[in-house]
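Here is a brief report on one protein model. Look over the sequence and the fold, then read on.

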Amino acid sequence: MKNVCTWMASCLMILSGCCNSSDKAGCEAGTCCSADKENMQTVMHIPRKIKPEKVALFKESFEKCKVETVKEPGCLEYGMYQSYTDSTEFMIVEAWKNKAAHLEHMETPHLKVHIEEIQGVGDPDYKGKMTEVYVCPHVNN
C-alpha cells in the first residue's frame, strides 16, 4: 500500500508540475502545456543503420543539413551520434520548441535536399523505431 501511495503522490507531483510554473496564468486559462500537447517541446530519437559503403555520404549530408537546421528559430537541438561498437549505427536526436516548429522543418529546402541525398543508404533489414516525446518545458524551470 505504501508503494501505491508513493506512486500516486509522484504522479500527482509530475502532473501538477506544469501548472506550478512561471506560466501559472496560462495554466489557469487552459493553455498550460499539460492541457495542450501542441505547446510542448517535441524531442525525437531516430535510430538509423546505414550500409557500410554509404556511411561517409550519410554523415556528410547530415552535417550539411545541420548547418541550416540549427538556424531555424524552433530548433533546440539537432545532432547525430555514431555507435562506438558499430560504425553503421546512428542515433539522430532532435528537439523542437513545439510540434509546429518540427513540421516547419519538414518543409525546408535543406531537409528536402538531405532526404534526396540519402535515398537508399539505409540497411533494409534494420528495424529501429523512432520515438517522439513531448516535454512540458515549464516543469524544468
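## Basis

This is a predicted model, in which local features need pLDDT of at least 70 and side-chain atom pairs count only at pLDDT 80 or more, while totals for chains, interfaces and linings use all residues. Residues are numbered from 1 along each chain as its sequence is written, and side-chain values use heavy atoms, with hydrogens and water left out.

## Overall fold

The protein has five helices and four strands. Their order along the sequence is α-α-β-α-β-β-α-α-β. Helices (H or I, at least four residues) and strands (E, at least two) are DSSP runs, numbered from the N terminus. Of the 141 residues, 33% count as buried. Buried means under 20% relative accessible area, exposed means over 50%, and partly exposed lies in between (1.4 Å probe, protein chains only). A contact means heavy atoms within 4.5 Å. Take the contacts between residues at least 6 apart in sequence: 69% of them join residues at least 24 apart.

## Helix α3

Helix α3 covers residues 55-69. At 1.5 Å a residue, its 15 residues should span 21 Å, and the end C-alpha atoms are 21 Å apart, which agrees. The expected span is 1.5 Å times one less than the number of residues.

Which residues of α3 are buried? They are Val-55, Phe-58, Ser-61, Phe-62, Cys-65 and Thr-69. These cover an arc of only 135 degrees around the axis, which puts them on the same side of α3. The arc is that of the directions from the helix axis to the C-beta atoms. An α-helix has 3.6 residues a turn, so residues three or four places apart point the same way. Ala-56 and Glu-60 are exposed on the face turned away from the buried side of α3. The cover over the buried residues of α3 includes β1 (41-49), β2 (75-82), β3 (89-96), α4 (99-105) and α5 (109-117).

## Helix α5

In α5, the buried residues are His-110, Leu-111 and His-114. They fall within an arc of 100 degrees seen down the axis, so they line one face of the helix. Pro-109 and Glu-116 are exposed on the face turned away from the buried side of α5. Among the elements covering the buried residues of α5 are α3, β2 and α4.

The largest nonpolar core has 17 residues. A nonpolar core is a set of buried Ala, Val, Leu, Ile, Met, Phe, Trp, Tyr and Cys residues joined through side-chain atoms within 4.5 Å. Ile-50, Phe-58, Tyr-78, Met-80, Phe-90 and Ile-92 have the most contacts inside this core. Two or more residues come from each of β1, α3, β2 and β3. Helix α3 gives the most, with four residues.

Leaving out residues up to four places away in sequence, Phe-90 touches residues including Ile-46, Ile-50, Val-55, Phe-58 and Met-80.

## Charged residues

The structure holds five salt bridges. A salt bridge is a side-chain nitrogen of Lys or Arg within 4 Å of a carboxyl oxygen of Asp or Glu. Three of them are listed here.

| Salt bridge | N to O distance |
|---|---|
| Asp-86 and Lys-49 | 2.6 Å |
| Lys-71 and Glu-68 | 3.3 Å |
| Lys-99 and Glu-132 | 2.5 Å |

Asp-86 lies in the loop between β2 and β3 and Lys-49 in strand β1, so this pair ties together parts that are 37 residues apart in sequence. Lys-49 is buried, at 18% relative accessible area.

Lys-99 sits in helix α4 and Glu-132 in strand β4 (residues 131-135), so this pair ties together parts that are 33 residues apart in sequence. Lys-99 is buried at 15% relative accessibility, and Glu-132 is partly exposed at 29%.

Lys-71 is exposed at 56% relative accessibility. Glu-68 is partly exposed at 34%.

Is Glu-72 buried or exposed? Glu-72 counts as buried, at 12% relative accessibility. Its place is in the loop between α3 and β2. Not counting residues up to four places away in sequence, Glu-72 touches Trp-96, His-105, Thr-108 and His-110. The C-alpha atoms of Glu-72 and Glu-104 are separated by 9.1 Å, with the two residues 32 apart along the chain.
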